Amino acid sequence: MARRYPREVHEFIAANVVGRTTRELVSLVNARFNLDFTESAMKSYKTNHHLKSGTPGGLPAGHASDVFPQAIADYIRENYKGVGNTEMARRLNEIFGTSYSVKQINSFYKNHKLNSGLDGRFEKGHIPANKGKKGVCAPGCERTQFRKGNLPATTKPVGYERINRDGYVEVKVKMRPSRPDCNDNFVAKHRLIWEQAYGPIPPDCVVIFKDGNRRNFNLSNLALVTKAERLEMTRRGLFSTDAELTEAGVMVARVRTTVYKKKKAAKKRGKGA
């Protein structure tokens, strides 16, 4: 429950609030009426009774804070034009022997509505500090620079094998890819073996392992199927670790996809009739 004060206390506070800080007002009221006002209680009292000191932050105009003594505050007000937070902090610390941070100066500028006029942009005609220095290095450093076409010491030779994220073995077939965004300097080993034996693989076909072992590169363990046939085998569960069963699955998938294509073609002809 809020404490009620006598009317004369309220009238005294209302008569003396203007131009005084909360601390000064607390001291004055407690001395006059022998009360125990705290600064927090006085702030609440002023808010509840719509009483204002009339100066920003409850301080008299021009009042210097403990952080920024009057002499320093005056220096900032006289020199802030064209001087940013960082430079002002440097000047103050050098002249007054203080240790202001850039953040403190920024707060002072903001609280006192001081605008340095700087927007952080380079002025027209500005010359960069590193103009004309591109490529300049210390004498002798050119001996350790990479030259055009240089290959790192860790570069793997043609024929190097690796395993990709899907578990397939890939073979390096050339030193560099055709483009930075492609990976055509590596080819899946099972595709490479098939092409060496039978020629290029059609775009709509893939090579599968009959026994499901991606390390068994025996030519008899590889089979060429269309992507549609592979999809049908996956849907029907026709892949097996038994090579003969997978071969049978390939035949089933081939028949089913052929039937589907013929039905689709017949249906299309029927609509066109």
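Modeller: The account below begins with the ring pairs, then turns to the nonpolar cores and to a packed pair of helices.

This is a predicted model, in which local features need pLDDT of at least 70 and side-chain atom pairs count only at pLDDT 80 or more, while totals for chains, interfaces and linings use all residues. Residues are numbered from 1 along each chain as its sequence is written, and side-chain values use heavy atoms, with hydrogens and water left out.

The structure holds twelve aromatic pairs (rings of Phe, Tyr and Trp, the last by its six-membered ring, with centres within 6.5 Å; planes under 30 degrees apart are stacked, over 60 edge-to-face, the rest tilted). F68 and Y100 form a stacked pair, because their ring centres are 4.7 Å apart and their planes lie at 5 degrees. This pair joins distant parts of the chain, 32 residues apart: F68 is in the loop between α3 (39-48) and α4, and Y100 is in the loop between α5 and α6. Helices and strands are DSSP runs numbered from the N terminus (helices H or I, at least four residues; strands E, at least two). F68 has a relative accessible area of 8% and is therefore buried, and Y100, at 10%, also counts as buried (buried means under 20% relative accessible area, exposed over 50%, partly exposed in between, with a 1.4 Å probe and protein chains only).

The rings of Y80 and Y109 have planes at 75 degrees and centres 6.4 Å apart, so this pair is edge-to-face. Elsewhere, ring pairs link Y5, F37 and Y45 into a cluster.

F68 and Y109 also belong to the largest nonpolar core, which has 15 residues; F68, I76, M88, L92, I105, F108 and Y109 touch the most other members. A nonpolar core is a set of buried Ala, Val, Leu, Ile, Met, Phe, Trp, Tyr and Cys residues joined through side-chain atoms within 4.5 Å. Helices α4 (70-79), α5 (85-96) and α6 (102-111) each supply at least two residues of this core, and α4 gives the most, with four. Not counting residues up to four places away in sequence, F68 touches A73, I76, Y100, Q104, I105 and F108 (contact means heavy atoms within 4.5 Å).

Apart from this core lies another, of eleven residues, among them I13, L25, V26 and L51. V26 is placed in helix α2 (residues 22-33) and is buried, because its relative accessible area is 9%. Beyond its neighbours up to four places away, V26 touches F37, T38, E39 and M42.

Helix α2 also packs with helix α1 (residues 7-16): the angle is about 145 degrees and the axes are 11 Å apart (axes are lines fitted to C-alpha atoms, for helices over the stretch in contact, and angles run from 0 to 180 degrees between N-to-C directions). In this contact, E8, V9, F12, I13 and N16 of α1 meet L25, L28, V29, R32 and F33 of α2. The residues of the contact divide into seven nonpolar, one polar and two charged (Ala, Val, Leu, Ile, Met, Phe, Trp, Tyr, Cys and Pro are nonpolar, Asp, Glu, Lys and Arg charged, and the others, Gly among them, polar).
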